Structures are given as C-alpha cells and as structure tokens.
Amino acid sequence: MSNELFEKAPIHKAYFSLTMPLVCSMVLSLVYNMVDTYFIAQTGNTNLVAGVSLCAPIFSFLIALGDILGLGGSSVIARLLGKKQDEDGKRLSVFCFYGALLGGIVTAAALLLLQQPLLSLLGADAETLPYASQYYGWLALGAPFIILSYTPSNLLRTEGFVKASMAGTVSGSIVNIILDPIFIFTLGMGAGGAAIATVLGNICADLFFVVFLLTKSEKLSVNPVGFHISASEIRQIFAIGLPASVTNFMQSIGIALTNRFLLAYGNDKVAAMGIVMKINMIAVLILVALAFGAQPMVGYNYGAGNRARLKKVLTFSYQVECGTAVVLAAALSLLARPLTGLFVSDEALIQTGVVMLRMQQAGMLFVAIVLETTCTFQSAGKAVCAFLLSVSRQGVIFAIVISAASGIAGYNGVLAAQPLSDLLTAVLAVVLYRRCLSPELEKAQVK
C-alpha cells in the first residue's frame with residue numbers, strides 16, 4: 001500500500017481515512033455490547049446480570065493482554081515502515097502473532113486454575129456465584145482466541161489496511177450478535193451462553209485476519225519460516241506494549257474496585273452499574289477509535305522525522321477528540337433515562353442508572369485528553385510517559401480517589417470517583433505532554 005496517505009495527503013483527509021473505519025468498527029462492537037447486555041438483562045434475573053457484570057474485569061484483562069503485542073508491535077512496526085525498513089517490520093509481525101497465541105494458551109490455563117479465588121476477589125457471593133462461574137469458565141477457555149484477535153486487528157492498521165481491520169472486528173461482532181439469543185434463550189444456557197457467543201465471534205474474527213494476512217498483506221506476515229528476532233527488538237515492543245496493555249488492565253481494576261465498593265449498597269447497584277458501563281461505552285469506544293485510529297500516522301511521521309507534519313496531525317487529532325467528547329457527553333446525559341430504560345423496566349433501577357450514567361459523563365472531556373495523549377506517547381515510543389498515564393486514570397489515581405471519596409461521601413462518593421479521577425489524570429497528561437513531547441515539536445517549528 002502506498003505511503004501517500006501518511007506522508008502527503010491533507011491532514012483531515014488522512015485522519016478521517018484512518019479513523020472512520022475504526023469508528024465504524026467500534027460502533028458495531030458497541031452495538032454488540034448493547035445487544036449482549038440487552039439479552040442478558042431480558043432474563044429478568046438481577047443476580048445473573050450482576051454475575052456477568054462481575055466478570056467484566058476478566059474480559060478487559062484479556063483485551064489488555066492482546067494489546068501488549070497488538071499495540072506494542074504496531075507502534076514499533078509503524079516507525080520501522082516510516083524508516084523504510086519493511087522487512088524488519090514483517091519479522092516483528094510474525095513474533096507478535098505467535099506470541100499472542102502462545103500467551104493466550106498460558107492465560108487460559110492460569111484462569112481455569114484460579115477460577116474460584118478470582119471470582120471471590122471480584123466480589124461474587126452465594127447469589128451471583130453460579131452465574132459468574134458459568135460466564136467465567138467459557139471466557140477462560142476462549143482466552144487464546146480473544147487475545148489473538150486484538151493483535152492482527154492493530155497490526156493491519158500500520159500498513160494502512162484500516163478497512164480490513166474493521167471488517168475482521170465487524171464479522172466477529174455480527175456472529176456474536178446472532179448467536180447471543182440462540183445460546184442464552186433457545187438453548188437455555190443463560191450466562192454461559194453469552195460467553196460462548198463471545199468466544200465464537202472472536203474465533204471468526206481470527207480466521208478472517210489470518211486469511212487476509214496470507215493473501216493480501218505485503219508488509220506483515222504469519223509465516224514463521226526464517227523468522228528471527230533480537231532481545232532488543234522484543235524490549236522495544238514490550239516497552240510500548242506493556243504500558244498500552246496497562247490501560248485495559250487498569251480498566252479491569254477500576255471496574256472491580258467500583259463493584260466492590262458498590263456491593264455494600266446491594267447487588268442491584270452492581271447490576272445497574274453493569275448496564276451503565278455498557279451505555280457509557282457509546283462515548284468511550286468512539287473516543288478510543290479516534291485516538292487509536294490516528295496512531296499509524298503519528299508513528300509513521302515520528303519515525304520518518306517529519307515533526308512539522310506530526311505537529312499538525314496532533315493539533316487536528318486533539319481538536320476532533322475533545323470536540324467529540326463534549327457532544328457525546330451532552331447526548332448521553334440528555335438521553336440517560338430512555339437509554340437505561342431500554343435494558344430494565346424497574347423504575348428504581350432506572351433512576352439509579354440515570355444518576356450513575358450522568359456522573360460518568362462529567363469526566364468525558366478529560367477522558368478524551370488522556371486517551372489522545374496516551375496514544376500519542378505510545379506512537380512516539382515514549383514508554384515511561386505512556387506507562388504513567390496508563391496506571392493512573394483507573395488505577396493508582398482511581399484507587400486513591402474512590403477510597404477517599406467513599407469514606408467522605410459514601411455512595412455518592414463512589415459515583416463521583418471516576419470523573420474526579422479523570423480530571424486529575426488529564427492534568428497529569430498535560431504536564432507529561434509538555435515535558436516529553438512539546439520540546440521536540442517546538443524545535444520542528446523553529447526549523
């Protein structure tokens with residue numbers, strides 16, 4: 001594929017060419033998440049809904065593991081392609097693919113061995129444990145396929161195959177949506193059926209990516225013949241991949257912490273938050289798509305040393321990201337009641353969800369700043385700065401804030417913890433950006 005898009009195309013054209021297919025992919029993933037939540041909620045079993053919600057951190061954890069080689073590899077490969085080192089990029093893509101597959105197998109074994117203690121740690125009690133166990137067990141068995149799917153979907157974007165990356169994700173989501181009601185209701189498998197549908201959807205996505213890599217890609221590969229990699233190259237991938245994965249791992253921690261603090265106020269609060277988190281993903285996934293969609297162009301121009309174009313790309317990216325966050329937050333706040341009412345009919349549960357959802361939107365602008373800055377650091381190879389942001393928003397800062405806020409304001413403090421954490425992390429993002437990247441961009445402007 002020509003490098004015209006990365007090097008010479010107008011910024012707005014290149015940006016939207018890269019981001020819009022990913023946005024479409026994320027929107028369909030969002031539709032799947034909403035449909036999945038809808039079918040689970042339609043069982044009318046609050047404990048089942050809560051049990052599945054308690055397992056949400058496990059799914060986020062699997063995504064985090066997929067991001068280690070997916071995002072870490074794509075960052076390094078994009079910079080290699082910017083330097084015209086195509087063969088090196090191809091070698092690293094082989095490592096990323098098989099590394100993700102092997103890591104998924106090891107993860108599946110570990111999750112199955114640790115099922116009971118992990119479910120207890122996540123807050124499952126006598127009422128929710130049967131449902132959480134069903135969902136967890138199938139999710140653990142499907143770990144290799146879930147982890148693997150996030151590697152080629154990211155790597156393909158470095159070669160400009162954004163639509164192919166979208167198509168693979170879309171195919172998996174469609175299969176998932178079709179199978180959900182069949183397994184949950186027709187076959188009567190409940191929570192376990194929802195997990196099986198998720199795993200089968202990821203298997204279909206994996207098959208699509210493998211076929212595409214074998215038949216269409218020129219700069220990426222899954223062929224291990226003649227493969228070799230140095231310790232230095234592995235370190236480069238993990239230096240970016242680990243901080244990138246920490247973002248999703250911290251999301252697991254954040255969800256788990258929120259659920260643990262909400263348990264004191266009843267399983268209905270956990271169930272309501274599970275629904276709200278899915279609705280909130282309308283905004284978050286679109287913002288993630290916009291931030292991550294521009295990564296190949298940022299990494300390519302950084303690797304090519306084209307700092308002047310890089311600065312223009314970043315300026316435009318921040319404007320779009322932040323503007324979109326404001327619009328989405330306003331829309332979700334206004335539509336909080338009807339959106340929550342799509343999933344449940346109980347008035348008390350709806351009202352609980354409305355308050356939770358609107359509180360989440362209070363920090364959406366700050367989420368945009370953190371996402372865009374984190375992706376920029378990952379693309380430029382600023383591993384330390386990326387790591388600091390990754391462990392903060394739903395990790396270190398969130399843990400401190402929710403502990404303090406719940407102690408001061410109880411239930412309302414738990415709800416306010418996320419937007420407060422978003423604000424503090426956005427401040428950290430601005431400080432790190434000015435220290436880590438601004439000096440390089442200013443030098444480009446002077447030249």
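**Cysteines and a nonpolar surface patch**

Cys385 is buried, with a relative accessible area of 7%, where buried means under 20%, exposed over 50% and partly exposed in between (1.4 Å probe, protein chains only). The model is a predicted one, in which local features need pLDDT of at least 70, side-chain atom pairs count only at pLDDT 80 or more, and totals for chains, interfaces and linings use all residues. Residues are numbered from 1 along each chain as its sequence is written, and side-chain values use heavy atoms, with hydrogens and water left out.

One disulfide is present in the structure, a disulfide being a pair of cysteine sulfur atoms within 2.5 Å. Cys385 is joined in it to Cys436, with an S to S distance of 2.1 Å. The link of Cys385 and Cys436 is left-handed, at -45° about the S-S bond. Because Cys385 lies in helix H19 (residues 383-390) and Cys436 in helix H20 (residues 392-436), the pair ties together parts 51 residues apart in sequence. Helices here are DSSP runs (H or I, at least four residues), numbered from the N terminus.

Cys322, by contrast, is in no disulfide, and the nearest cysteine sulfur, that of Cys375, is 13 Å away. Cys322 counts as buried at 19% relative accessibility, as does Cys55 at 0%.

Turning to the surface, a nonpolar patch is formed by Ile174, Ile178, Ile182 and Leu187, which together have about 340 Å² of accessible area. Areas come from the Shrake-Rupley method with a 1.4 Å probe, and for residues only the protein chains shown count as cover.

How values were computed: Patch = residues over 30% accessible without salt bridge, like charges linked within 9 Å, V, L, I, M, F, W, Y side chains within 5 Å. Salt bridge = Lys/Arg side-chain N within 4 Å of Asp/Glu carboxyl O. Helix = DSSP H or I, 4+ residues; strand = E, 2+ residues; numbered from the N terminus.
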